[in-house]
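Student: Could we go through this chain together? I would like to begin with the overall picture and then turn to individual residues.
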Amino acid sequence: MRPSFLGKRSPTSDTSEKTGAQSRKPHSTEYLDGVRGVASLIVFILHWTHIPYPSINSGWGYKDHKSFWLLPFIRIIYSGAAMVSVFFVVSGFVLSHRFIQRMHRREYTELFSGLTSLTFRRAIRLFLPAFASSTMAFICACLGIINVPRKVDGKPFHHSLSSYLEYLDMESNPWDWAADFSGFYNPQLWSIAVEFRGSMVVFVLLVGLAKTRTTVRLAVEGVLMAHCFGHKRWDVALFIAGMTIAELEVLLKKPKSPSARKLVNALLISAMILGLFLCGYPRDHNTQTPGYMWSKYVWPFTAYRRRFWLAIGAILVVGPMAFLPSAQSVFLTRPARYLGRISFALYLVHGLGNRTVGKWLLNTCWALIGKEGVWPYAISYTVSTALYFPVVIWASDVFWRGVDVPSTNFARWFEKRCAAPEGVR
């Protein structure tokens with residue numbers, strides 16, 4: 001039960017680790033683990049904050065909303081919806097990158113072998129830990145640790161084994177194209193089935209485009225991306241965008257001329273800044289918020305505009321980062337890499353934690369410190385947050401080692417058990 005970062009280490013192991021860290025060059029996509037970790041933390045911050053402070057769903061300047069925390073760029077620290085888009089772009093990149101490298105080296109045997117393995121294991125890798133997390137929520141509901149509502153999504157709800165099994169079906173259903181079911185047991189896990197579906201789209205594209213020319217691949221991906229956005233399939237578009245960024249990362253090199261390199265870097269940094277601004281697109285009253293009012297007059301003209309602009313923001317953040325080592329270095333620091341290791345576990349357990357330990361701590365602080373007035377309310381929230389965050393990180397660490405890693409190992413073992421021996425059909 002001890003967190004992994006508090007494990008005992010001998011002086012010899014510390015020395016060898018430092019030597020290894022200095023000699024080993026991070027692989028080209030390692031920083032994306034850190035990106036995932038930070039994004040998962042931001043999702044957690046949103047889900048923890050938006051109930052006691054619902055004003056964060058609006059932007060700075062709407063009516064009397066003038067808090068510093070609502071400003072563009074500042075609001076990135078709790079822009080959880082944008083981080084889900086970042087997840088999807090990163091997944092598209094990571095899932096396809098090594099296979100695109102093999103396409104360029106024409107290593108088709110290794111490509112198809114690796115792709116077969118990854119496709120076989122993907123469902124187990126995603127759904128097994130998610131089911132474990134939802135089972136924990138079901139048990140807590142049975143024990144009365146979390147309150148069972150009378151209605152969920154506006155419909156009467158009765159907690160039972162059949163309701164739990166129905167939830168697991170929704171959680172693992174890639175055939176329903178509604179990208180945001182909620183449910184009761186683990187409402188934030190709507191994205192797991194979406195992640196699985198996007199992964200399968202990437203795998204199909206890798207197989208179908210493996211032996212085409214690079215220009216053809218990029219053209220097909222571009223057309224498909226535009227088609228997906230046009231049909232409100234922002235989630236699929238983001239996976240394809242990640243695959244396209246991976247192709248460009250393999251294909252393109254920065255110019256050797258110092259002046260040209262500075263110009264390219266300036267353009268990349270400008271794109272990232274624009275992406276961060278768009279990632280702060282507010283959920284509520286976005287077309288009435290200074291800085292975002294322009295979105296009322298450009299396509300899309302419906303509520304879909306929020307998901308669209310968050311998606312564009314995610315692409316503009318992740319894309320330039322592939323060509324900016326200075327930006328990558330932020331996500332190669334030890335804290336970011338640790339968050340990367342526990343990112344999936346943090347995403348899976350924080351919802352239940354918010355409704356149990358987090359809720360109890362917040363209510364206790366409100367009872368002891370007070371909630372009447374701005375300062376008592378804020379101090380109660382700050383104290384409960386300081387007490388609660390280490391608990392969630394610890395629980396995520398335990399879940400990562402106790403469920404996430406074993407699920408990955410089980411998927412590999414199960415694949416080997418199912419694989420046909422050489423010469424056997």
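Tutor: What follows is a discussion of a predicted model, from the whole chain down to single residues.

Student: Fine. How many helices and strands does the chain have?
Tutor: The chain contains 13 helices and 2 strands.

Student: What does the radius of gyration say about the overall form?
Tutor: The radius of gyration is 23 Å. A compact globule of 425 residues would have a value near 22 Å, so the chain agrees with that expectation. The C-alpha trace spans about 65 × 55 × 55 Å along its principal axes.

Student: And what share of the residues is buried?
Tutor: Buried residues make up 48% of the 425 in the chain. The accessible surface comes to about 21,800 Å², and carbon and sulfur atoms account for 65% of that surface.

Student: What about charges? How many are positive and how many negative?
Tutor: The chain carries 47 positive and 24 negative charges.

Student: Let us move to single residues. Where is W69?
Tutor: W69 sits in the loop between α2 (31–49) and α3 (80–105).

Student: Is W69 buried, partly exposed or exposed?
Tutor: W69 is partly exposed, because its relative accessibility is 49% and the exposed class begins over 50%.

Student: Which residues does W69 touch, leaving aside its neighbours within four places in sequence?
Tutor: W69 is in contact with I74, R75, I77 and Y78. By contrast, the C-alpha atoms of W69 and C140 are separated by 34 Å, although these residues are 71 positions apart along the chain.

Student: How many aromatic pairs are there in total?
Tutor: The count is 32 aromatic pairs. One of them joins F68 and W69 in an edge-to-face arrangement, with 5.3 Å from centre to centre and 75° between the planes. F68 has a relative accessible area of 47% and is therefore partly exposed.

Student: Which rings are linked into a cluster?
Tutor: Ring pairs link F44, W48, Y53, W366, Y377, Y381, Y388 and F389 into a cluster.

Student: Now the backbone. Which residues have a positive phi without being glycine?
Tutor: K63 has a phi of about 50°, and R106 has one near 60°. Most residues other than glycine have a negative phi, and most peptide bonds are trans.

Student: Where do K63 and R106 lie?
Tutor: K63 is in the loop between α2 and α3, while R106 is in the loop between α3 and α4 (108–142). K63 has a relative accessible area of 64% and so counts as exposed. R106 is exposed too, because its value is 62%.

Student: You mentioned peptide bonds. Which residues are joined by a cis bond?
Tutor: W299 and P300 are joined by a cis peptide bond, with omega about 0°. P300 lies in the loop between α9 (258–279) and α10 (304–321).

Student: A change of topic: why does N186 count as buried?
Tutor: N186 has a relative accessibility of 0%, and buried means under 20%, so N186 falls in that class. N186 is in the loop between α5 and α6 (190–209).

Student: Which residues surround N186 as contacts, apart from its neighbours within four places in sequence?
Tutor: N186 is in contact with S133, S134, Y167, E171, L348, L352 and R355. Of these, Y167 is 19 residues away in sequence, and its C-alpha is 8.7 Å from that of N186.

Student: And L143, where is that, and is it buried or exposed?
Tutor: L143 lies in the loop between α4 and β1 (151–152). L143 is exposed, because its relative accessible area is 61%.

Terms used: Residues are numbered from 1 along each chain as its sequence is written. This is a predicted model: local features need pLDDT of at least 70, side-chain atom pairs count only at pLDDT 80 or more; totals for chains, interfaces and linings use all residues. Side-chain values use heavy atoms; hydrogens and water are left out. Helices (H or I, at least four residues) and strands (E, at least two) are DSSP runs, numbered from the N terminus. The radius of gyration is taken over C-alpha atoms; the globule rule is 2.2 Å times the number of residues to the power 0.38. Buried means under 20% relative accessible area, exposed over 50%, partly exposed in between (1.4 Å probe, protein chains only). Accessible areas come from the Shrake-Rupley method with a 1.4 Å probe; for residues, only the protein chains shown count as cover. Lys and Arg count as positive and Asp and Glu as negative; His and the chain ends are not counted. The place of a charge is taken as NZ of Lys, CZ of Arg, CG of Asp or CD of Glu. Contact means heavy atoms within 4.5 Å. Rings of Phe, Tyr and Trp (its six-membered ring) pair if their centres lie within 6.5 Å; planes under 30 degrees apart count as stacked, over 60 as edge-to-face and the rest as tilted.
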